[in-house]
Amino acid sequence: MQLNSMAPRWKWKGAEAKALAEPISKSVSELQLSLAETESSGTLSSCNVLLAVEPEQAELLDRCCFGRLVLSAEKIKKWIQLSFEEAFFLHYNLKCIKISLQGRCLENEVDTWLYMKSKRPNFPMFFKAYSHLRSKNWVLRSGLQYGVDFVAYRHHPSLVHSEYSVLVQSGDSDRLRVWSDIHCAVRLSGSVAKTLLTLYVNGNFKGEDVNLLVCLENFTVEEQTISRWSPELSREDQSTNSKQHVPNVSNLNTL
């Protein structure tokens, strides 16, 4: 199943045609081939990865919405700052970049996984959520300014507004446990014309298995949208309306 949402809000006339002509999946394939051919390598730095690329590759990364350009006086190379989720997706899912730590290339993917997990204990859960939507060709950016974990775009942010504000949580999470939290999150998302999407990542995050990449295959992701209930939908004069009643909570997909 695909995520069902409101119609996309394109930012300018002709943006939809441009998006159809340049699908994200095609751009990602071009990026994957280009980075693999040059054996691009990123360097772990605190809680992000710095990736040195050619100017053409920097443009491809921007077109695919991976990372952010770091201003530098260097003209031959461009530096891109990747989040852990972005870097590991390129490294593990697309297998197009290498990652090094203090000048030493981490050949074993598990070593990279363990380092990222040591810096961010909740990294396994967030990466599973990130890769879940990215694999469906949704573009993800940080949702910090909206009080959520990610915002999801149908295409490049220069072409279309984001459609979802995304919250990631596990079964034992304290988030959205009380109605006031749900109400605040839904109102905030609605005020910026987004649908609140919660991703419930189910799995054993406390056991030793979380140290192994195979745990990603055992994690499952449940998508659920939450929206405000509209009283007008229940009024008597609306009973003959041909439109179907829209539930305020919707389970979209379970993998």
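**Entry 1: salt bridges**

How many salt bridges does a search of the whole structure find? I got 8 salt bridges from that search, a salt bridge being a side-chain nitrogen of Lys or Arg within 4 Å of a carboxyl oxygen of Asp or Glu. For my own bookkeeping, this is a predicted model, where local features need pLDDT of at least 70 and side-chain atom pairs count only at pLDDT 80 or more, while totals for chains, interfaces and linings use all residues. Residues are numbered from 1 along each chain as its sequence is written, and side-chain values use heavy atoms, with hydrogens and water left out.

I looked up E30 and R63 to begin with, whose side chains form a salt bridge with N to O at 3.2 Å. E30 sits in helix 2 (residues 24-38) and R63 in helix 3 (residues 55-64), so I noted that this pair links distant parts of the chain, 33 residues apart. My helices are DSSP runs of H or I with at least four residues, my strands are E runs of at least two, and both are numbered from the N terminus. E30 is partly exposed because its relative accessible area is 32%, and R63 is partly exposed with 32% relative accessibility. Here buried means under 20% relative accessible area, exposed means over 50%, and partly exposed lies in between (1.4 Å probe, protein chains only).

Next I checked R120 and E85, which meet in a salt bridge at 2.6 Å, N to O. R120 is in the loop between helix 5 and helix 6, E85 is in helix 4 (residues 84-93), and the two are 35 residues apart. Both R120 and E85 are buried.

I then found E86 in a salt bridge with R141, with the closest N and O atoms 3.7 Å apart. That pair joins helix 4, which holds E86, to strand 7 (residues 139-142), which holds R141, across 55 residues. E86 and R141 are both buried.

**Entry 2: F89**

Is F89 buried or exposed? I put F89 down as buried because its relative accessibility is 5%, and I located F89 in helix 4. Leaving out residues up to four places away in sequence, F89 touches F66, L94, F127, Y130, S131, R134 and S135, where contact means heavy atoms within 4.5 Å. I also looked up the C-alpha atoms of F89 and F127, which are 8.0 Å apart although the residues are 38 apart along the chain.

**Entry 3: helix 5 and helix 6**

I followed F127 to the contact where W113, M116 and K117 in helix 5 meet F123, P124 and F127 in helix 6. By class I counted 5 nonpolar, no polar and 1 charged residues in this contact. (Nonpolar covers Ala, Val, Leu, Ile, Met, Phe, Trp, Tyr, Cys and Pro, charged covers Asp, Glu, Lys and Arg, and the others, Gly among them, are polar.) The axes of helix 5 (residues 109-119) and helix 6 (residues 123-134) come within 9 Å and cross at roughly 115°. I fitted axes as lines to C-alpha atoms, for helices over the stretch in contact, with angles from 0 to 180 degrees between N-to-C directions.

I found an open sheet of 6 strands, ordered 3-4-2-1-5-6, with mixed pairing. Strand 3 (68-70) and strand 6 (104-105) are at the edges with a single partner strand each, so one side of each has no neighbour in the sheet. Strand 1 (residues 41-45) and strand 2 (residues 48-53) pair in the antiparallel sense over 4 bridges; pairing requires that DSSP finds at least two bridges between two strands. Helix 3 packs on the sheet and touches strand 2 and strand 4 (78-83), its direction making about 135° with that of strand 2.
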